[in-house]
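Biologist: I would like to learn how to read a few features in a model like this one. Please take me through them in turn.

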Amino acid sequence: MFLNTLTPKFYVALTGTSSLISGLILIFEWWYFRKYGTSFIEQVSVSHLRPLLGGVDSTTPSNSNTSNGEADSNRQSVSECKVWRNPLNLFRGAEYNRYTWVTGREPLTYYDMNLSAQDHQTFFTCDSDHLRPADAIMQKAWRERNPQARISAAHEALELEESCSCATAYILLAEEEATTIMEAERLFKQALKAGEGCYRRSQQLQHHGTQYEAQHRRDTNVLVYIKRRLAMCSRKLGRTREAVKMMRDLMKEFPLLSMFNIHENLLESLLELQNYADVQAVLAKYDDISLPKSATICYTAALLKARAVSDKFSPEAASRRGLSTAEMNAVEAIHRAVEFNPHVPKYLLEMKSLILPPEHILKRGDSEAIAYAFFHLQHWKRVEGALNLLHCTWEGTFRMIPYPLEKGHLFYPYPICTETADRELLPTVFHEVSVYPKKELPFFILFTAGLCSFTAMLALLTHQFPELMGVFAKAFLSTLFAPLNFIMEKVESILPSSLWHQLTRI
């Protein structure tokens, strides 16, 4: 009787409401997956429902050996997910801000700029800054979040009597207030004059106590930073040979300060000069098993080996006769580079659009790939056939590492933390972060998509053919409840009539 009283309008409302609810769930699941890389329903079920149902986390160590192994893997993951200062980072005032003025987009994330602020406080301040008024002002300026407040503080520090030796104030103005590279270079030259004086004075007093030693360490960092940025200004203004000389002199004068990665600036400048012999010499020194790798090291080594064979390379001829020794070496170098950072080829082959590189990068991540391709794409284009060889061979890398998160070939397994860190470093508003290995859509997204499509189709059919769909629904429900009716009839035939009436009333 209940089924017979239902009208087609009820079925339209039922299917339409089901389609709307499942569609909303689908939209939310898709948004959550794009933002966090996992399914919300799956995460809630694993994190909250599974413990309530008595499930045991399979990742819980069962003994001390497992615990030690996981601790080692955690330490490895932390070291691989360390964020590094981009050695080729752009100037905020002359480059990043100009991009913002033209496009209205912010190329740097808050997380990236906050890391830069921490770097500035580490490199450009020390405990004795309060003894000099100008340095005390700059110590506060590096902590300011507002760019205009930082610039005003730098001008205030320079206006103090006998504060012309405040090199850090000139650095801040060159980085953030200067709107052209030439203006930034002029300010850095003033900073160099002030920084050299401070460095000479602190060098004479560095052994007089821990306070003087910290001050000398700060003055050394300031001087190295200024000289490196001056070399980058020369490179951007077309004086590449002068930039190379400045970088070589800086590496000879301060050989222990490898944290600035000046050799990567030198490699890029030498490639611009097409001085491949010197590039090979630098690689021989820094492409060492004991030193941390980078995309610049791996892909530059691949470029040099590809240069020897790329102009005559043909995939058809190679498939007929096989690869020569030189071609095999080039392909292996490309596979090595792709294993280290699999995001780079899509930018070099222009399969994905480039954005301005961030001020910090994550090695083996999308941020490092952007920073490398932004400066080195022109060098790959200059070598005839190099991009063609890369296009034909780079995907072969993945056959050697079918499970990159578990086991690598030439490097450690690919760290799983890169996507999360890159989403913090890169402006995801207008850039889609590259993910490796590519994640499949979660089951619940596919399920809700199917449910939404099915119920929407039913709602449409019910609205167009109400009578036919009403008959179909009643027949379907009758078939669905037929086994239940059969069981009820059997129970009624077995039980006494008085007991059966009592049960039906209940």
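Biologist: Which residues form one aromatic cluster?

Modeller: This is a predicted model, so bear that in mind throughout. Trp394, Phe398, Tyr414 and Tyr436 form the cluster.

Biologist: How is a pair of aromatic rings described?

Modeller: By two values: the distance of the centres and the angle of the planes. Take Phe398 and Tyr436, from that cluster. Their ring centres are 5.5 Å apart, and the planes lie at 35°. The pair is tilted.

Biologist: Where do Phe398 and Tyr436 lie?

Modeller: Phe398 is in helix 21, residues 397-400. Tyr436 is in the loop between helix 22 (418-425) and helix 23 (443-464). The pair therefore ties together parts that are 38 residues apart in sequence.

Biologist: Is Tyr436 buried or exposed?

Modeller: Tyr436 is buried, because its relative accessibility is 16% and the cut-off is under 20%. Phe398 has a relative accessible area of 26%, so Phe398 is partly exposed.

Biologist: How many aromatic pairs are there?

Modeller: The count is 10. Another of them joins Phe374 and Phe375, with centres 5.0 Å apart. Their planes meet at 75°, so this pair is edge-to-face. An angle over 60 degrees is what that class requires.

Biologist: What is the accessibility of Phe374 and of Phe375?

Modeller: Phe374 has a relative accessible area of 32% and is partly exposed. Phe375 comes to 11% and counts as buried.

Biologist: Rings can also face charges. Which charged end sits over the ring of Phe91?

Modeller: That of Arg229, at 4.0 Å from the ring centre.

Biologist: Now helix packing. What describes two packed helices?

Modeller: The angle between their axes and the distance between the axes. For helix 9 (residues 167-177) and helix 11 (residues 210-236), the angle is about 35° and the axes are 11 Å apart. The crossing is left-handed.

Biologist: Which residues meet there?

Modeller: Helix 9 brings Ala167, Thr168, Ile171 and Glu175. Helix 11 brings Val222, Tyr225, Ile226 and Arg229. By class, this contact has five nonpolar, one polar and two charged residues. Arg229 is also the residue whose charged end sits over Phe91.

Biologist: Next, single positions. Where is Gly365 found, and what does Gly365 touch?

Modeller: Gly365 is in the loop between strand 2 (360-362) and helix 19 (366-382). Gly365 has 0% relative accessibility, so it counts as buried. Beyond four places in sequence, Gly365 touches Asn341, His343, Tyr414, Thr418 and Asp422. Tyr414 belongs to the aromatic cluster as well. The C-alpha atoms of Gly365 and Phe340 are separated by 9.2 Å, and these residues are 25 apart along the chain.

Biologist: Which residues is His379 in contact with, leaving aside neighbours within four places in sequence?

Modeller: Glu268, Leu271, Glu272 and Leu303. His379 is found in helix 19. With a relative accessible area of 2%, His379 is buried.

Biologist: Last, the whole protein. How many helices and strands are there?

Modeller: The secondary structure comes to 25 helices and two strands. Of the 506 residues, 44% are buried. Now take contacts between residues at least 6 apart in sequence: 70% of these join residues at least 24 apart.

Technical notes:
Residues numbered from 1 in each chain as written. Predicted model: local features only at pLDDT ≥ 70, side-chain atom pairs only at ≥ 80, totals over all residues. Heavy atoms only, no water. Axes fitted to C-alpha atoms, helices over the stretch in contact; angles between N-to-C directions. Helix = DSSP H or I, 4+ residues; strand = E, 2+ residues; numbered from the N terminus. Left-handed = near helix turned anticlockwise from the far one by under 90°. Contact = heavy atoms within 4.5 Å. Nonpolar A, V, L, I, M, F, W, Y, C, P; charged D, E, K, R; others polar. Phe/Tyr/Trp six-rings, centres within 6.5 Å; stacked < 30°, edge-to-face > 60°. Buried < 20%, exposed > 50% of the residue type's maximum accessible area, 1.4 Å probe, protein only. Lys NZ or Arg CZ within 6 Å of the ring centre and 35° of its normal.
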